[in-house]
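Welcome! Please take a moment to look over the sequence and the 3D view, and then we can walk through them together.

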Amino acid sequence: IKGEFKKALPVLETLQKAGFEAYFVGGSVRDALLGKAVNDVDIATSAFPEEIKRLFKKTVDVGIEHGTVMVLMDDESYEVTTFRTESTYQDYRRPDSVTFVRSLKEDLKRRDLTINAFAMDNDGVIQDFFNGERDLKEQIIRAVGKPEERFHEDALRMMRAVRFASQLGFQLEADTFYAIVVNAHLLQNIAVERIQVEFVKMAMGQNVLQGMEAFFTTNLYQYCPGMSHGKVALRRFSLFPRPVKKERHVWALLLYFLGIQQVKEGAAFLKHWKLSNQLITESTRILELILYRHHSPLNHYKVYTFTPPIVWETEDLLELLKLPCDKRAAANLIHTLPIQSRDELDINGRIIMEKTNNRGGRWLGEAISMAEKAVVLGAIPNEQQAILEWLKESKYI
Ligand code: ATP
Ligand code: MG
């Protein structure tokens, strides 16, 4: 027991001293056994939510209806979840009710994959009822129990199986694989937001070629938004060098490989995927810049309007795409940008109105934009007097 687990030991021990069972569960235990870095440890316990809350000074109800209480201790927070089973799945989605139980085995049984269904106690001893450790060693993705039933309960598990194949480079076990082939269409019942999370993790996986192969051969991709004709784009995307550093790169590259040339069209596609507006804007801006860079060089104004991070990341993507790029020029332009934003402009609407004795209006916004552009491009220095003179000469005021 070390690292994040060690820090969380007092939580386990408090529960145990009160007579409850408590274990580390889920992805953190899997990642620890794989020798990977662990950040969030999840804890499962036989204590019911009210009992958990009574034992700790500071708690937050984060998902009490699912049995999850956040315990705050020594500047850290831990999600502590009561052992539970899930019942009455409707429409192949998440269950509409959970039942708290006192048995670890019952709790592990409702988990998706064997490699996610073991628990570790405070001595580092693994409780493994479904041969998860063996599958981890043999690099196999296998559903807990009967795959067909488990995918009927929650069809998202099929996406999760494929995304772990991509992250870990594991093979899907034959029955699990076949059950996905047969049930792939059930993905239609799942909220796109949930599919998106798994899709991004799959797309960013270190072993994406393997994951993507499973995504294709099981036909899961057919049931993702806008993907039914996306096989070639996805294949090209998965040949892109890893790691893909940011989520916005996933989407920008996908749009690019799909051959989308218009920001509007790209935004509509991403809207179907239920991305946040911010992510849509960032991703389509990168696409726009990739396409712009096919025929034109950067300048200060491009760097200013697209913002340095987007410009830098795009040059990086262009390089990895083996397309013409100029990182040196980009770095130089970024470093020599006269201003970063409009706030830094040595003039504003109030000053212009004072100096011209004019009331505000459309002309004012235009004047500011022109001054901004002139300063960014280095045509005039960022000094009030110089800007005012230039605006007068150019008849903007
Ligand atoms: P990651 O490292 O990406 O967070 P994870 O395995 O921790 O991977 P989470 O989504 O955080 O994935 O879920 C935590 C645990 O909850 C899983 O390890 C698994 O045991 C269980 N779980 C998550 N989603 C499902 C699901 N749809 N069906 C059954 N069990 C699930
Ligand atoms: Mg997790």
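The tour below goes from the domains to the ligand and then to a pair of helices.

Before we set off, keep in mind that this is a predicted model. The domain assignment divides the chain into domain 1 (1–133), domain 2 (139–238), domain 3 (245–337) and domain 4 (342–393). Start with domain 1 and domain 2, whose centres, taken over C-alpha atoms, are separated by 25 Å. Where they meet, 13 residues of domain 1 are in contact with 17 residues of domain 2. On the domain 1 side of this meeting place you will find six nonpolar residues, one polar residue and six charged ones.

Now look for ligand 1. Domain 1 and domain 2 each supply at least three residues to its shell. Around ligand 1 are G26, G27, R111, D112, N116, A117, D154, L156, R157 and R160. Sorted by class, this shell holds five charged, three polar and two nonpolar residues. Helix α7 (residues 156–168) provides the largest share of the shell, with three residues.

Our last stop is a pair of helices, α16 (residues 308–320) and α17 (residues 327–335), whose axes come within 10 Å and cross at roughly 175 degrees. Angles over 145 degrees count as roughly antiparallel, and therefore α16 and α17 are roughly antiparallel to each other. From α16, the contact is made by P308, V311, W312, E315 and E319, and from α17 by K327, A330 and I334. The residues of this contact of α16 with α17 comprise five nonpolar and three charged, with no polar ones.

How values were computed. Residues numbered from 1 in each chain as written. Chains lettered and ligands numbered in written order. Predicted model: local features only at pLDDT ≥ 70, side-chain atom pairs only at ≥ 80, totals over all residues. Near = placed C-beta within 6 Å. Helix = DSSP H or I, 4+ residues; strand = E, 2+ residues; numbered from the N terminus. Nonpolar A, V, L, I, M, F, W, Y, C, P; charged D, E, K, R; others polar. Domains from an automatic or database assignment. Axes fitted to C-alpha atoms, helices over the stretch in contact; angles between N-to-C directions. Parallel < 35°, antiparallel > 145°, perpendicular 65-115°, else oblique. Contact = placed C-beta atoms within 7 Å.
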